[in-house]
Structure formats: structure tokens, C-alpha cells
Amino acid sequence: TNCLTTVWRLFKNLSEDQQRYEKQLIFEHPAFVKLCQQLLRDSRRMTRGDLVFSLHAVVNLGVPQNTLLVQTLVRVCQEKLNQLDNRCISVLATTLGGLDKDKNVSALQAGLQLLVEQRIPSIRDIFILQNLMKCMGKDAPVFLKKKLEMAVLKEVDHLTFPNALRVFLALAAMNYCSIPILNACSKKIQENVHDAPFRQLILILEACYNLHYRNVKLFSALADYVNSTTCLWDKRQIILFLSAFETLGFQPTELMGIFVEKVTEDPEFLNLKNLLIVLRVYSRLNYVPRDQKHLFFETLHSCLNKYLPQISNTELLKAVYSLCILGYLPHRALDELLQKDSRDELLLSDDLYKEQKEMMLRCVKACMELDSPSFVKPAFVLTENFSSLVSLNLRKAREALIELLGDENMFRQNVELPYKYHIDFEIRMDSDRKKVLPIAATDDHADSSVQRLAFLFVPLSAFCVGTTHPQGKLAMKKRHLNKLGYHVILVLNKKFQEMTNEDAVEFLKGKIYSENAFPFSEVTVQDN
């Protein structure tokens, strides 16, 4: 056993290429064959520690699972399962994680799960607990996950930074979102973020995404750390950070600003893959630099033009869509895209993502018209009521508007506009924003003195995490509704639903009659 574990410890520190070479030498060495034969003969006489560590070493050295040696060690572990101490259970759980399921492995896993359930109350070692969490995995029953959670919570005050990292990732491996544990781990990670290696930081952000865990303080701490040490990071590493933040819907403002400078100073490092990531990140998070807006867009556009001869149809559509969301029209790429569309090369009938691509292409075409410098605000916008029925989550708003305005004829609901845009409620007012006008009195004719208010009740996910900064698609819709002559009033639906009826009426009253609530201005993408 000592010989095997020593070989494994030396072996695991080698590079992949070295491991392949050394593995061949090990397996061909006569002493290794003799060692395996002796292990097979002595397996039932070995101590529990030697047995478990031997299996761990053999499996990790790459001895095939279907060999008599591995299958025998698995069966003996099953026979001696109740004799194992907590440390051996932890090592065995790790070992089984590297094996495919077969009859013997499945039987051992089932027995191990029962044993873990019995032993959890007696385990105080956080390292063993997190290891069991990771090894039990997503398929563990919910009651077992809860037991492991309670055991960790008992020790959570004694978390070290390395253990906080491990527990955080173990919860992700178990696909179990325990807010108290994640909060405790996040606090410890924030305090020691400067000690975390690059890969661990990325894994933390990925775990947050998989667990649907949103912690603005944690995200800000990680972003601030990367921001303050950008000179230490490769540009491609920063792109990975930005991409991880984008999947979470979190806008690391300062880091994105610094990266803009790196792109404009040296765009050559942007290969096609990284360019598409940058476009996706900046468009979804709705980030436009204040000082270098034109230069930044021109740089990205120039990079995109360079890859036009080799870019796929889907990648071209995504790139143009991202730039259009930001309010920038990349004319050469647009021409290429429209040519492909006219030749029916973009939307194939058997494409799994056909609907998504249709939506993106529709948005691109809307941007071409509405964001064109030659676009003039129409004197009259043709609208229609999509449906007289109001969805359940808008009934409260409808009732509040009726109570506030006195009559349901003073507003419209579920309004469909050109370019496939939809607004929840439309209200029309005089030019001084003092009086609400009946819909019928202002319908079907143009009147420049009439002001149109568009109420959009939007989910929390439409904003960047922890802010009221709209993400790209919402910012684009708001910009386009402004172009069509609407004052856009965004209402966070979750908060509105939590209001009392009286507060809801007062809230809407403030939005409708206050000139400062939403001044009429042609808002483009929100600059940072």
C-alpha cells in the first residue's frame, strides 16, 4: 500500500504528457505486476486503511476498472464497509467518483450512501464533509443533502479560507443551494480573495450561476480584486472573467472600462472567438464607455470586418445583433448579413435555433430603421390592442390605474406596436403632463401636444444584478420606444406586487404626474 500511494503521489504532480509516458513505464515494469498480484492475494487480510488507499491509488494510476484487481478490491470494500472510519469513507467516496457504474460499483455506492447517512451526525471534520458532499453528487436524495447541510452549518463558524472554497464548490457539485452556507463561504472568500488562484475564482462564479446564487458583495469583491490587479492578468483571462460575470447578469463597471482601453490600444489579441465573447458581454450588460464610445465601436467593427471572410452565418448574426443592441450599425457586416438572408442562408428549416435567430434578425432590422440617423419620429404610430385580457401579474396594476384615473377608458392595455414591440399599459397626457386624456379622444390622429406614456412591468432579471441598470435587450426596447414618441416608465414588477393597493396607486400617481419621474428625452443605450 505504501508503495502504491507513493507512486500515486509522485504521479499526480506530473504534467499530462509526463503522466502518459510514466504510466506506460509503470504498467510495463515487472515489479508493478508483482505488486498488483500481491495486492490481489492480500486484499482480504489488509487493514481498512490499506484497503481503501490501495483502491484509491490503483484507480487513479489508471488500472482498468474491469480488471480482476479493481473488481476484487471494490467487492472487499463492500464486505468491510461497516468497519471503515470517517476518513476511509471520505477516501472511498472520492475513489468511487472516478469509476463508471457497474454492478459492483453501484452496490458499493448504495451501501456507502446508507453508511454516510448514519455517520453524518458524528462527522465534525469540514474537509471530510465537503468531500462527501462532492462525491454524493447531484443524484443524492434531498434528505441526505439536507443532513450534510446541517452538519456543515454546525461547523460553519470555523471555516478556513481553503475549506470555504471547497464547500462552495461542493455545493455546486451536489447541485444544492444552501443560502446560509453560501453566505458564510462568500464572506470568507471576500476576506481572502487575494489568495485565490485564477481558476478558483472562475469556478466560484460558475458555481454561483449553476446554483442560481446572486451575491452582489461577493461579485463586487471579485471584480474589484481583478480590477486592481489587471496588470497581473492576461487579456484572455480578463475575457473569461467578463464572460463569467455576464452569465450572472452582473456588470463589473470599472473592469469593463479598463478592458475597453486594452481593446482600443491593442485590438490584435482579439481572435474571432474572443471578439464574439466581448460583443456578447458588452451588449447584454449594456455597457457603453463614456469617453471612448466611438473609438471602441469602430475598433470592434474593424475587428469584425477582418473576420468576415471566415465567419459562419450564425456567428455573423450574433455579432451584428450584439452591436445593434448597443445602438451601433456595422454597415459592412450588415450588408453581408442581409445578402445571406436574401439568399435564405441564415434561417434553415431544420435549425434547432430557428426561432431565436428569427428574433435576432427581426431586432437587427428594427435597429437598421430606428437607429438610423435619417429616422424621423413619426407623428402617428399605428397601434392595436393585443388582447383585452390582462395577465395575472398585471391585474394589480390595472386595478390601481382604474382607481387612480377613474375609468378604464383612460388607458390602454396589452398594446402592440410596429416592430413587434409590446407595452403593458399606455397613457396619454397633455403637453404639460398635468392631465390624463381619454384614449378615444386622442385615437386615430396625430397630435404633437399629446404625450404618450408607456408602462413596462419588467422582471428583476431584465436589469443587471443589484442595480436598476437595464440589460441590453430592455435598453434597446426603451431606446426604440423613445424613437417612436413614448416616455418609457420601467416598473420592477416584483417590488410593485409587494406594495399594498394604496401604495401601488400612489406609486403610479408619482410616475404619471411627476415631470421628473421620467423626463422625455431620446435615451439611447445607457452610458456608464
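Two strands pair if DSSP finds at least two bridges between them. Strands (E, at least two residues) and helices (H or I, at least four) are DSSP runs, numbered from the N terminus.

This is a predicted model, where local features need pLDDT of at least 70, side-chain atom pairs count only at pLDDT 80 or more, and totals for chains, interfaces and linings use all residues. Residues are numbered from 1 along each chain as its sequence is written, and side-chain values use heavy atoms, with hydrogens and water left out.

Q: How do you know that strand 5 pairs with strand 6 (residues 486–492)?
A: The cut-off is at least two bridges, and 7 bridges join strand 5 to strand 6, so they count as paired. The two run parallel, and Val458 stands opposite Leu492 in strand 6.

Q: What makes strand 3 (residues 422–429) a partner of strand 5?
A: There are 5 bridges between them, so that test is passed too. These strands run antiparallel, and Phe425 has Phe455 of strand 5 as its bridge partner.

Q: Why is strand 5 (residues 451–458) called largely enclosed?
A: Buried means under 20% relative accessible area (1.4 Å probe, protein chains only). 8 of the 8 residues of strand 5 are buried, so the rest of the structure largely encloses it.

Q: Which way do the side chains of strand 5 point?
A: Gln451, Leu453, Phe455 and Phe457 point one way, Arg452, Ala454, Leu456 and Val458 the other, and all are buried.

Q: Why is Glu502 called exposed?
A: Exposed means over 50% relative accessible area. Glu502, which lies in helix 25, has 57%, so it's exposed.
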